[in-house]
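Hello,

Please find the structure below, handed over for you to look at. My notes on it follow.

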Amino acid sequence: MNQSVYIVDAFTRRPYQGNPAAVCILEQPAEKTWMQSVATEMNLSDTAFLLPKESGVWDLRWFTPKVEVMLCGHATLASAHILWNELGVEHESLNFHSASGLLVATRQEERILLDFPIDQLSEISIDPILVEALGENPQAVFRGREDLLVVFNTANQVRALNPDQAELGKISCRGVIATAPGNESGIDFISRFFAPALGIPEDPVTGSAHCTLARYWGEQLDKNELQAYQASLRGGEIGIRLNGKRVTILGEAVTIMAGALYV
C-alpha cells in the first residue's frame, strides 16, 4: 500500500525558504511508533499526519524527528495548503482536531489564516545557565505553557546568537524563543527558536512560538495586528492578529515535493 506524502515550504511564497514540513495523508488510523518512524525518516522539523473524519474535519498530529508535539504552526499551515491546493478540497474552512483542541484554517486570497490558542506568560528570574547557553545577556525572561521567551534589546543581538545546544537542551522547556524589536521597515519584532530537546537545534519558522510572541508584543506595542520575521538562515514572514484568548497566524506556503511512502 502506498501512502501519499508531500513536502511544503511554509511561511513563505518562495521555494526553499520558510520552514519545510512533511504532510502525510492517512487512509486509516496509524500506530504512533510508525508515525514517529516516518517523521524520523523525513528528518524535517515536523511531519504532520492527517486522518479524515467527516466532511471538512480531520484529525491532526505532529512529530519532530524525536518526539510528538502538542502544537505546530508551520505543519498545520502546510496541511491546509495541501488539502486546498493539491487535493482539491472545496471547504473554505478546515477543522483540525488536535492535542491542542480545535484548530481552524481559512483562506484570505493567497494567505492561510490559522486560529490558534494564545499563550499565557509569567516573568521569571534570569537563569545564569540560560545566559551561558545563549552567550548573551537578555533583558527579561518569561515562561509560557511550554517555551521560554527570552527578550533582548536589539535585533542584532538575536541575529548574532550562536547557542551551546548541549547546554540549552538541559533547560526544562520545549524550546527557547529569542526575540527583540524589529529593525526593518514594516517588521514589529524578530525572533529565533531553538529546541534541542525536540531534536531541532534551530527551527526555521515556528508558528506555535508566535502564540507566545503575540501575547508579549501585543501588550508591549499595544497593537492587535503585528508583522513578524523569524531570522533563521531560511527566514520566514508571519502575520499576527490578536483575538482575545485566540490568535490568528497568517502565512503562505508552496509545495516542493509530492510522492508516496511504501508502507
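With a relative accessibility of 1%, Thr47 counts as buried. Please keep in mind throughout that this is a predicted model. Thr47 sits in strand 3, which covers residues 46-54. Leaving aside residues up to four places away in sequence, Thr47 touches Ala22, Ala39, Met42, Arg61, Trp62 and Phe63.

Leu51 also lies in strand 3. Its relative accessible area is 12%, so Leu51 is buried, the cut-off being under 20%. Leaving aside residues up to four places away in sequence, Leu51 is in contact with Leu26, Glu27, Gln28, Pro29, Val57, Trp58 and Asp59. Val38 is 13 residues from Leu51 in sequence, and their C-alpha atoms are 15 Å apart in space.

**Helix 6**

Helix 6 consists of the 13 residues 209-221. At 1.5 Å a residue the helix should span 18 Å, and its end C-alpha atoms are 18 Å apart, so the two values agree. Of its 13 residues, 10 are buried, and therefore helix 6 is largely enclosed by the rest of the structure. The buried residues are Ala209, His210, Cys211, Thr212, Leu213, Ala214, Arg215, Tyr216, Trp217 and Gly218.

**Aromatic pairs**

A pair of aromatic rings is described by the distance of the centres and the angle of the planes. The structure holds 6 aromatic pairs. One of them joins Phe189 and Trp217, with 5.6 Å from centre to centre and 10 degrees between the planes, and this pair is stacked. Phe189 belongs to strand 13 (residues 189-195) and Trp217 to helix 6, so the pair ties together parts that are 28 residues apart in sequence. Phe189 and Trp217 are both buried.

Trp217 also pairs with Tyr216: the ring centres are 4.9 Å apart and the planes lie at 85 degrees, so this pair is edge-to-face. Tyr216 is buried, as is Trp217. Ring pairs link Phe142, Phe189, Tyr216 and Trp217 into a cluster.

**Two residues with positive phi**

Most residues other than glycine have a negative phi. Asp222, which follows helix 6, has a positive phi near 55 degrees. Asp222 is placed in the loop between helix 6 and strand 15. Its relative accessible area is 70%, so Asp222 is exposed, the cut-off being over 50%.

Tyr16 is not a glycine either, and its phi is positive at about 70 degrees. Tyr16 is found in the loop between strand 1 (2-10) and strand 2 (19-25). At 58% relative accessibility, Tyr16 counts as exposed.

**Cavities**

How many cavities of 30 Å³ or more does the structure hold? There are 2 of them.

The largest cavity contains about 90 Å³ of space. It is lined by 15 residues, and those closest to its centre are Asp46, Arg174, Asp203, Thr206 and Ser208. Helix 2 (73-85) and strand 14 (200-203) are the elements that give two or more residues to this lining. By class, the lining of the largest cavity has 6 nonpolar, 6 polar and 3 charged residues.

The second largest cavity holds about 50 Å³ of space. Its lining is made up of Leu168, Gly169, Ile171, Cys173, Arg174, Gly175, Val176, Phe194, Ala195, Pro196 and Ala197. Sorted by class, that lining has 8 nonpolar, 2 polar and 1 charged residues.

**The largest pocket**

The largest pocket has a volume of about 240 Å³. Of the 17 residues that line the pocket, Phe11, Thr12, Arg13, Glu237 and Ile238 are the closest to its centre. Which elements give two or more residues to the lining of the largest pocket? They are strand 15 (225-230), strand 16 (236-243) and strand 17 (246-251). Strand 16 gives the most, with 4 residues. By class, the lining of the largest pocket has 4 nonpolar, 7 polar and 6 charged residues.

Regards

Note on methods. Residues numbered from 1 in each chain as written. Predicted model: local features only at pLDDT ≥ 70, side-chain atom pairs only at ≥ 80, totals over all residues. Heavy atoms only, no water. 1 Å grid on protein atoms, 1.4 Å probe; cavity = no way out; pocket = protein on both sides within 12 Å on 5 of 7 lines; lining within 4 Å. Points joined across faces, edges and corners; volume = space filled by probe spheres on them. Nonpolar A, V, L, I, M, F, W, Y, C, P; charged D, E, K, R; others polar. Expected span 1.5 Å × (residues − 1). Buried < 20%, exposed > 50% of the residue type's maximum accessible area, 1.4 Å probe, protein only. Contact = heavy atoms within 4.5 Å. Phe/Tyr/Trp six-rings, centres within 6.5 Å; stacked < 30°, edge-to-face > 60°.
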